[in-house]
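Welcome! Let's take a friendly walk through a protein model and see how its side chains are arranged. Have the sequence and the picture at hand as you read.

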Amino acid sequence: MTNRDKSFTINIIPHDAAGNRKEWIISGRGLVAFRVLVVLILVAVTGSIVILSVGTAEFTRTARLRETNRLLVDSLSTARELNLRLDEVELELQEIRNTRAVIENLATAGVSGDYPE
């Protein structure tokens, strides 16, 4: 059985024939370092993709929360306006009750049991 060559070759070939062809042969310790570098780059790219996807999901969730918060603020301002209107109506009703009590007192004050009707 023949021993297999344990090297890695990188060829850069230009599209046109006039360009210079470049070739690098990596073997030995350089090949180990190259493999470690490739693995580190793959881990970094994979980690970046994971972080980006989690960040995008978080951004979407934040946008939904922001929209919900806006709706709640609108609802709260509407509730406060209604509460102010109800307070005004309650004051008007209290004023009407007070006026009615005065009118009833005036009507009953003129009538006494001593005078015949």
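## Pairs along the helix

Arg100 and Glu104 are about one helical turn apart, because they sit four residues from each other in helix α1. Before going further, please keep in mind that this is a predicted model. Arg100 and Glu104 are joined by a salt bridge, with 3.1 Å between the closest N and O atoms. How exposed are the two partners? Arg100 counts as exposed because its relative accessible area is 58%, a value over the 50% cut-off. Glu104 has 41% relative accessibility, so Glu104 counts as partly exposed.

Some bridges share partners: Glu67, Arg70 and Asp74 are linked into one network in this way. Within this network, look at Arg70 and Asp74. Their salt bridge brings the closest N and O atoms to 3.2 Å. Arg70 and Asp74 are four residues apart in helix α1, so about one helical turn separates them. Arg70 is partly exposed, at 42% relative accessibility, and Asp74 is partly exposed too, at 36%.

How many salt bridges does the structure hold? There are five. Another one of them connects the side chains of Glu90 and Arg97, at 3.6 Å from N to O. Glu90 is partly exposed, with a relative accessibility of 41%. Arg97 is also partly exposed, with a relative accessible area of 44%.

| Salt bridge | N to O distance |
|---|---|
| Arg70 and Asp74 | 3.2 Å |
| Glu90 and Arg97 | 3.6 Å |
| Arg100 and Glu104 | 3.1 Å |

## Patches on the surface

Which residues form the negative surface patch? They are Asp87, Glu88, Glu92 and Glu95. Take Glu88 as an example: Glu88 is found in helix α1, which covers residues 29-109. Glu88 counts as exposed because its relative accessibility is 52%, and the cut-off for this word is over 50%.

A nonpolar patch is on the surface as well, made of Leu37, Ile41, Val45 and Ile49. Together these residues have about 370 Å² of accessible area. Ile49, one of the members of this patch, has its place in helix α1. Is Ile49 buried or exposed? With a relative accessible area of 55%, Ile49 is exposed.

## A serine and a backbone oxygen

Ser53 is located in helix α1. Which backbone oxygen does the side chain of Ser53 reach? The contact is with the backbone oxygen of Val50, at 2.9 Å. Ser53 has a relative accessibility of 42%, so Ser53 counts as partly exposed.

## Looking back

Then find the network of Glu67, Arg70 and Asp74. After that, look for the negative patch that includes Glu88 and the nonpolar patch that includes Ile49. Finish at Ser53, whose side chain reaches the backbone oxygen of Val50.

Methods
Residues are numbered from 1 along each chain as its sequence is written. This is a predicted model: local features need pLDDT of at least 70, side-chain atom pairs count only at pLDDT 80 or more; totals for chains, interfaces and linings use all residues. Side-chain values use heavy atoms; hydrogens and water are left out. Patches are made of residues with over 30% relative accessible area and no salt bridge: like charges are joined within 9 Å, nonpolar side chains (Val, Leu, Ile, Met, Phe, Trp, Tyr) within 5 Å. Accessible areas come from the Shrake-Rupley method with a 1.4 Å probe; for residues, only the protein chains shown count as cover. A salt bridge is a side-chain nitrogen of Lys or Arg within 4 Å of a carboxyl oxygen of Asp or Glu. Lys and Arg count as positive and Asp and Glu as negative; His and the chain ends are not counted. The place of a charge is taken as NZ of Lys, CZ of Arg, CG of Asp or CD of Glu. Helices (H or I, at least four residues) and strands (E, at least two) are DSSP runs, numbered from the N terminus. Buried means under 20% relative accessible area, exposed over 50%, partly exposed in between (1.4 Å probe, protein chains only). A polar contact is a pair of N or O atoms within 3.5 Å; within protein, one must be able to donate a hydrogen and the other to accept it, and residues adjacent in sequence count only if both atoms are side-chain atoms.
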